Amino acid sequence: MKRIKYYIFLLLGMASLASCSDELKEDVSLNVGVKTEEGVTVNGDVVTVKAGTPVVFNFYGDQDNISFWSGEKGSAYANKDRVTIAPEEIESSTLHFKLLAKYGNADCTKDVLHMYMSDNFPGIAGNDFESDVKLMNEFAWTDFGPKLTDKDGNNITLPQAPNNSMEYSVNITDLLGKRIAFSFHYLGLKNSDAQPRFEFTEFYIENKMKNGTTAKLFAGNLGFTPINMLCKEDLEDQRGMTTNREYGTVTNNVSGIWNLTGAGKGSFYIHSSGKNKPLKNSWLVSNLFVVNSCSPDKGLTVKNISQNTDTYSYTYTTPGEYKATFIATNSNYKHESRVIREMTIKVLPNK
């Protein structure tokens, strides 16, 4: 009798384990419908909608996670792995930035900041300071200053005195397909007044495509690294920087040190040094990059395992034709299942 009970419990346990295993291997399923209403019609996998009218997507099936790609600029599933744009697809490439010089006077600001470019820079080591100092002091950079222009194409220099913000728009279409680096050199020349603070804003490369779309590459995408040439000097006005003085940045104001906290949106600066303070010497150099680089397109998470939803509403505001893509997944440590559903969204003018 005891042996019979043992076998019964054993069989129940095996059934339970099999059931759990089946649950862990459950395949995802997804169908997507669209709610038809005024301004929204559906014909097979084609949805026609007026601009500004919400499209309500209904989800059917069994899925833990759903991501949505609208098909608009920056959210096209086909571009999820794209990191460069073919040069032949680009109509023009322009470097944009604004630059403000603050504090001091013209005598102490003139020729302090220089901008350079190279298409054969070997790149810094980033962990061998003496070698990098030697490289930066000896490398034959190309002065980028003569190429700088305003939005009307007029040549303008980097600020030579404290000023209102200057705006630059530089045609760099000739650099498409090349692997280049940018660098800035801040070298104080006089300290009879404050050495200037230089503030960069809206620093980005804009690639305008022949199909009418644009892509932007911001300063934060270029991998800028400072090289503080005087880090061994233990300067009094730089003692607030306590770690990685060779290559580090700060999140506050330290004289002659770069602050890159806003670089992701195109903003960065090097802070001023007071009157009679030691002259500063610091480089800021980018990684090697391709001008026609771009950030991969991204989708939106519209459902996850902790968020139970059967509908999602999205509004297209610009007329055109878009490929909407839904990616559904079920995943755990033992199994992953994935399915893709696509539909065409035709957005009409709202007249």
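This tour goes from the whole chain to a few charged side-chain pairs in a predicted model.

Start with the protein chain in cartoon view. It holds three helices and 21 strands. Its radius of gyration is 28 Å, well over the 20 Å that the globule rule gives for 351 residues, so the chain is more spread out than a compact globule.

Switch to a surface. Of the 351 residues, 44% count as buried.

Next, colour by charge. There are 37 positive and 40 negative side chains, and the centres of the two sets lie 4 Å apart. The whole structure contains 12 salt bridges.

Select Glu202 and Lys98, whose side chains form a salt bridge at 3.2 Å, N to O. Glu202 sits in strand E11 (residues 197-209) and Lys98 in strand E6 (residues 90-102), 104 residues apart. Glu202 is partly exposed at 39% relative accessible area, and Lys98 is partly exposed at 23%.

Move to Lys190 and Asp107, a salt bridge at 3.0 Å, N to O. Lys190 lies in the loop between strand E10 (179-187) and E11, while Asp107 belongs to helix H2 (residues 106-109).

Then select Asp234 and Arg245, which meet in a salt bridge at 3.2 Å, N to O. Both are in the loop between E13 and E14, 11 residues apart. Asp234 is partly exposed, at 39%, whereas Arg245 is buried, at 18%.

Finish with Lys102, Arg197 and Glu199, which salt bridges with shared partners join into one network.

Key. Residues numbered from 1 in each chain as written. Predicted model: local features only at pLDDT ≥ 70, side-chain atom pairs only at ≥ 80, totals over all residues. Heavy atoms only, no water. Helix = DSSP H or I, 4+ residues; strand = E, 2+ residues; numbered from the N terminus. Rg over C-alpha atoms; globule rule 2.2 N^0.38 Å. Buried < 20%, exposed > 50% of the residue type's maximum accessible area, 1.4 Å probe, protein only. Lys, Arg positive; Asp, Glu negative; His and termini not counted. Charge placed at Lys NZ, Arg CZ, Asp CG, Glu CD. Salt bridge = Lys/Arg side-chain N within 4 Å of Asp/Glu carboxyl O.
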